[in-house]
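Please read the numbered points with the sequence and the model open.

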Amino acid sequence: MTIRPGRRTATAAVAAVLGTGALLGAAPAGAAPAASAAPAMTLLPTGVPSKPYSDPTGVNGHGVAVGYAYAWTQGREASAVRWAADGTPVTLPPLPGEDFAQALGVNDADVTIGISWPATRDHWQPTAVRWAADGTPTALPPLPGDLYSTATAIGGSGIVVGTSYSSSVDPHAVAWRPDGTTVALAPLPGDTSSAATGVNAAGLAIGRSYTGIGAFHGIVWSPDGTPTRFQTGPTAGRGDWPVAINDAGTVIGVADRPLDVGSTRHGLVRSPSGALRDLGAHTLPTAVNASGTVVGEYRPDPDQLVTEAARWSPDGTLTPLSPTPPSGGNSIAVGINDAGTAIGYGWSGIPARQYQSGRTWASGGTVTDLDPARTGNNALFVNNAGLVVGLALYRPPGNLYPTHQVAVWRP
């Protein structure tokens with residue numbers, strides 16, 4: 001499982017929006033899916049009384065969630081947190097001699113990745129770190145000649161990928177193997193730098209390759225580090241980037257297709273053999289599960305800026321995910337588990353956190369509104385057991401402004 005944003009749903013409307021007839025199945029018309037009552041939401045304590053704010057960054061198959069806590073005025077002075085399946089918080093220590101940390105991902109072995117930095121530096125000048133299941137931190141060093149490193153993803157086998165750099169204009173993609181070996185992931189031929197953003201259990205990594213003039217292209221690295229273009233063909237000169245990869249090697253991503261004036265964004269699905277499927281104009285895939293089912297968003301009417309959550313089956317058939325209230329707003333699906341349960345959120349007007357409302361879409365079509373009271377929350381991660389992790393606004397007694405905390409919804 002890959003973990004790691006007016007409604008017109010008639011068949012003719014969908015075909016007109018996507019415009020890739022032979023590649024896509026038609027969206028089914030009919031009655032809106034049934035709605036179900038929201039499960040109870042549980043706010044997870046940070047375990048650090050001086051840092052009441054928290055953000056989630058992942059959840060594994062056992063229900064262990066990770067993220068970080070901080071104070072309102074001290075976002076850079078964060079503490080890495082790992083929440084046990086029962087919600088108990090454990091603060092993960094920074095590297096020896098350093099002061100702050102963020103946890104940014106976790107695999108099913110409870111190995112956590114993130115960053116650590118001292119008080120003398122800012123959080124964009126960190127060292128990547130891997131915490132063992134018992135919480136012991138190990139530095140994941142930058143490549144020779146670089147000063148900083150950031151871990152962005154961990155696979156089921158324990159391979160970690162990220163970026164090594166000295167400044168924001170010279171990133172170098174890197175992989176750290178479980179035995180501690182550091183492997184440089186080269187950019188595409190002719191490019192100057194790279195950044196890795198995802199990896200699967202087999203060590204197949206994804207990221208971006210930069211030309212040196214601000215442009216970039218998607219890249220897929222084989223386990224031995226060999227780079228391959230994510231997108232090939234007559235429009236491959238436009239900007240493109242991969243978004244996520246599953247353990248079978250299916251990669252989802254985005255490309256900007258050229259128009260007479262400007263460009264239009266298209267979602268792409270790259271099979272393990274390298275074949276590309278275009279999901280059509282104004283589509284954005286965000287997550288893919290083990291079977292190759294993709295979720296994200298699409299624009300039902302290309303002339304309107306309203307987006308709607310969507311699911312694409314492995315053969316490319318689009319199913320709009322009907323929103324729950326607020327009606328007439330926007331929605332996006334950002335995660336999906338292997339049972340086909342999609343999660344995400346909707347909003348009206350400004351898509352800021354305080355206007356979002358979390359929701360889930362079961363594989364059979366049932367929609368669950370996770371925010372019936374409209375207090376503000378979202379769903380960001382889901383595991384195969386159906387545990388949903390997200391963010392919720394919470395106003396403690398006597399507080400004028402709300403805090404935001406990690407929240408879970410248990411099936």
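**Notes on the predicted model**

1. The protein chain has an accessible surface of about 16600 Å², and 58% of it belongs to carbon and sulfur atoms; such areas come from the Shrake-Rupley method with a 1.4 Å probe, and for residues only the protein chains shown count as cover. The model is predicted, so local features need pLDDT of at least 70 and side-chain atom pairs count only at pLDDT 80 or more, whereas totals for chains, interfaces and linings use all residues. Residues are numbered from 1 along each chain as its sequence is written, and side-chain values use heavy atoms, with hydrogens and water left out.

2. The protein chain contains one helix and 33 strands. These elements are DSSP runs numbered from the N terminus, helices being H or I with at least four residues and strands being E with at least two. Of the 411 residues in the protein chain, 53% are buried. Here buried means under 20% relative accessible area, exposed means over 50%, and partly exposed lies in between (1.4 Å probe, protein chains only).

3. Attention is drawn to Asp146, in the loop between strand 10 (137-140) and strand 11 (148-154). Asp146 is buried yet has no salt bridge, and Arg121, the nearest side chain of opposite charge, is 13 Å away. In this count Lys and Arg are positive and Asp and Glu negative, while His and the chain ends are not counted. A salt bridge is defined as a side-chain nitrogen of Lys or Arg within 4 Å of a carboxyl oxygen of Asp or Glu.

4. Which side chains make polar contacts with Asp146? One is the side chain of Ser164, at 2.7 Å; another is the side chain of His172, at 2.9 Å. A polar contact is a pair of N or O atoms within 3.5 Å; within protein, one must be able to donate a hydrogen and the other to accept it, and residues adjacent in sequence count only if both atoms are side-chain atoms. Leaving aside residues up to four places away in sequence, Asp146 touches Ser164, Tyr165, Ser166 and His172, where contact means heavy atoms within 4.5 Å.

5. Ser164 belongs to strand 12 (residues 160-165). Ser164 is buried, with a relative accessible area of 0%. Its side chain also reaches the backbone nitrogen of Leu143 at 2.8 Å. Not counting residues up to four places away in sequence, Ser164 touches several residues, including Pro142, Tyr148, Asp170 and Val174. Ser164 and Ala175 are 11 residues apart in sequence, and their C-alpha atoms are 9.6 Å apart in space.

6. Ala175 has Val183, in strand 14, as its bridge partner. Strand 13 (residues 172-176) and strand 14 run antiparallel and are joined by four bridges; two strands pair if DSSP finds at least two bridges between them. The two strands form a hairpin with five residues between them, and Gly180 in the turn has a positive phi of about 95°.

7. The structure holds eight salt bridges. One of them joins the side chains of Arg353 and Asp55 (2.6 Å, N to O). Arg353 lies in the loop between strand 28 (342-347) and strand 29 (356-361) and Asp55 in strand 3 (residues 53-59), so the pair ties together parts that are 298 residues apart in sequence. Arg353 is partly exposed at 34% relative accessibility, whereas Asp55 is buried at 6%.

8. Two positive phi values deserve a check. Most residues other than glycine have a negative phi. Phi of His282 is near 60°; this residue lies in the loop between strand 22 (276-281) and strand 23 (283-288) and is partly exposed, with a relative accessible area of 22%. Phi of Arg374 is near 55°, and Arg374 sits in the loop between strand 30 (367-369) and strand 31 (377-382).

9. Is Arg374 buried or partly exposed? Arg374 is partly exposed, with a relative accessible area of 34%. The side chain of Arg374 meets that of Asp371 in a salt bridge (4.0 Å, N to O), and Asp371 is buried at 2% relative accessibility.
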